Structures are given as C-alpha cells and as structure tokens.
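Hi there,

Here is the structure I promised to send over. Have a look first, and my notes follow below.

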Amino acid sequence: LRRLRRSTLARLRHEVAPVDASVLARFLAEWHGIGVEGAGETRLDSALDQLEGVPLSFAELERRILPLRVRGFDPRALDERGALGRLVWLGCGSLGDRDGRVALYRRERIALLAEPPILPAGLRPVHHAILEHLERRGASFFAELAAAVPDEASEPLLEALWDLVWAGLVSNDTFAPLRALAARRSRTPGSRSSARAAAALASGRWSLVAPLFATAPEPTARAHGRAIALLERYGVVSRDVMSLETIPGGFAALYPVFRAMEEAGKLRRGHFVEGYAGAQFAFAGAVDRLRAARAAPERAPGVALAATDPANPYGALLPWPPTQAPGATPRRATGATVISVQGEPVLFLERGGRRAYRFVLSEALDPHEALTRALGTLRGAFRAGRGQRLRVEEIDGEPARQSALAEPFLRAGFRPGYAGLELEGFGAGAEAG
C-alpha cells in the first residue's frame, strides 16, 4: 500500500506541466474574484478571508483592493463587522502621516495567524500610561485616556496613542480613525478644523491587542491554520510566497504540514508554476483552475491592480519583465499601479502616476493593441474617483506631451495639461479595456 501511494503521488506530481508567468497572473486574478461578478456580504467575507493577515496600506485596501473584489463595496461594511466583534485590525507600521499598513483578522483566528505583540524599546512614560490604563479599565474612549493621563496635552497624547497603534499594541473597534488619517491635512494647531481632525483620529473605543492572544493555540494547530491561509490566498504555495508574508520560520516551518496534507491526499505537490523555486503545493481544485487559465479568451478584460495587491505576482512571486524606459525599476510600492492584458504586465504607473512606462511584451501580444487596451483599463479603473486627477508627466522617461506615445493616451481620454497628460476622476474600481 505504501508503494502504491508513493507511485500515485509521483504520478500526480508530474501530471500538470508548469504554467508560465502570464497564466499564473490570470489565475491569481480569477482566484481572488477580480473581474468576476459578485456583490454582497458573502463576497466580501470571501475577499476578507483571502486577505486575512496581509499587511496592506489601509487607503489602498479600502479604495482599490476591496472594490476590485466586491462590486459596490461599501466601507461601512467593515465598521459593521468591527462593531459586531467579527473583524479585528492590527497596525503594522505607518506610511507617513496619512496612511499605514494594517492586517485584518477574524477575531476567532487572530491568535492562530498572528504573533502576540511585543513591547518595543524606547517607549516613553506617556506610552506606558496609556497601556496601563487600557489594561486596568479595558476598552476606552479617548476622553477617558485623556482623563487618565491629565499631565499630557491632547495632541501629544494622540500621537503617543498612534505610536502604539502602529506598533501593533492597540487597536480600535471601528475603522473611522484610519479613514481620518487619509483625510488629514496640514492645519494650524488650535484651529477649529484642527480640533475636528483630532476628534476624528481619536474616535471609537481603543483597546489592547494582547488579550486577543490570551488563549494560545497549539503549535501544530497554528502551523496548520497558517498553511491553509496561504493556500487560500495564493492557490499554489511555494517558498516564493514567503516574500509577501511575515510568518516566523518561513516556508520551512510549514513544510511538514504541507507534506502531511499531501500524504493524506488533501494536497497535490508538483512543479505547477515555471519560475517558482522548490516544492509547490496546491489543492486539487486550484490545480484544475490553474490548468484552465491556460486557455485565455482572446479579448479577456485587462486588469489594473495596486502593485502591492496579493493578486499581483510580479515583483515578488515572479520577477518583473524588462521595461522600455531606460533605468526604470518597477517596485511593489504603495500607490503604484500595474495594468495587465492577458496576464502580461503592459503599463506601470509610479505612485501618483507621475511616471508611466511600458514593459517589453511577449510575441503573443501586439504592442499597440495591448497599450490601447491597457489605457482603456486604466481609464475605467479610475473613472469612479471624485474630484481627483491623474497627471502623467513622463512616459518611458520622456516628457509626456512630447512623447511619441502621447496620442494613445489622448485617445484613451487624457487631456493635455500644463505639466503633462491629465485624466479626471482618479479613484477606484476596475473594468475591461
């Protein structure tokens, strides 16, 4: 029986020829429900499950990543889940004064997937005073924190509170303070607008994160839960996906779980994706969907993704293709956008869109048609923005207005501006090119 099992596993491992990068990109977009009709509570819950535990810019999460997955996404749905105790967010570091990375968790799974918070070095007395109050009194409004630390002015106290938030020590039962960060502007201290902004940043009830880890799961249960989360997020898991994760011990810590699941017939192991290093594991259903992604429709919709979206394999799971801009180096940076056609990245926009450059394409795509479709996708993806503007100042390293590629941008709806080519309505969403 052991010999039969070994031979069966060996046959299954070699059954599927590895797919190339464009097929993986198409598979991941479909795996995450991007471009798939779906709305409502069930679709949102599925999207949140796949993104569980990934540190992402909160601004991009609400404006770009979730709207791509859930048609008609309403941010209030996150607040409802937080108020009901179903959803918890943890700060994972600030991104300047107006944004930061957060990871979302189902309350009952946070101890399984996340690491307990650790007090960082260099905390000041005000930080300790906040932590001691929350430990003694439990969830508190900011007014209660201010009363507990009467010697500290409101603004320094608020700054100290957010230090603890980004350190992963304190969270809130609503997402309103995170949204208030994005709306933050430079204001005169003491002004009425400054007071309103501070009130928004302090809204909701603040609580310690540590009690969520009071019941520590067994190490085996924790490893199994994390392995399942990776399989649900990426479909195919190998050592490469760890570049996007923060799991202690990396792939080696989870490898015994994957092996045990394979031997039990719950997983397949093989060489599914060209370019992935080492062993690759996937559910049988994921392998079937990966195989089906080879047959892409000729006019498959283009996809505009935030560069940091887990559905974008380039720059982490797979290397970026070469660009046509001298010295240009794409990065998975917050605010950057990559537009793909047939799974191949065609156009990259740096944060804010000031610089745009094209990728070198395979022979399967016509460069002119691919660029036209990519620009159509870009126009649709950001059409939902209100009162915002995308300004492209450089295309492939040349001034946008003087570029030979200005004409396709103008046909796509851009207009000449004083500093480049401009597109009104820079916001969120996605549609076919």
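This is a predicted model, and its chain averages a pLDDT (the predictor's confidence in each residue, from 0 to 100) of 88, with 91% of the residues scoring at least 70. Over residues 426-433 the pLDDT is below 50, and this stretch has 34 contacts (heavy atoms within 4.5 Å) in the model beyond near neighbours in sequence.

On conventions: residues are numbered from 1 along each chain as its sequence is written. Local features need pLDDT of at least 70, side-chain atom pairs count only at pLDDT 80 or more, and totals for chains, interfaces and linings use all residues, while side-chain values use heavy atoms, leaving out hydrogens and water. Helices (H or I, at least four residues) and strands (E, at least two) are DSSP runs, numbered from the N terminus.

Now the strands. Strand β9 (residues 303-306) is joined to strand β10 (residues 337-341) by four bridges, and the two run antiparallel; strands count as paired if DSSP finds at least two bridges between them. A304 has I339 in β10 as its bridge partner. V303 and L305 point one way from β9, A304 and A306 the other, and all are buried (under 20% relative accessible area, 1.4 Å probe, protein chains only).

There is also an open sheet of three strands, ordered β13-β17-β16 with antiparallel pairing. Its edges are β13 (389-392) and β16 (415-416), each with a single partner strand, so one side of each is left without a neighbour in the sheet. Two bridges join β16 to β17 (residues 421-424), and R415 stands opposite E422 in β17.

Best wishes

Notes: Buried means under 20% relative accessible area, exposed over 50%, partly exposed in between (1.4 Å probe, protein chains only).
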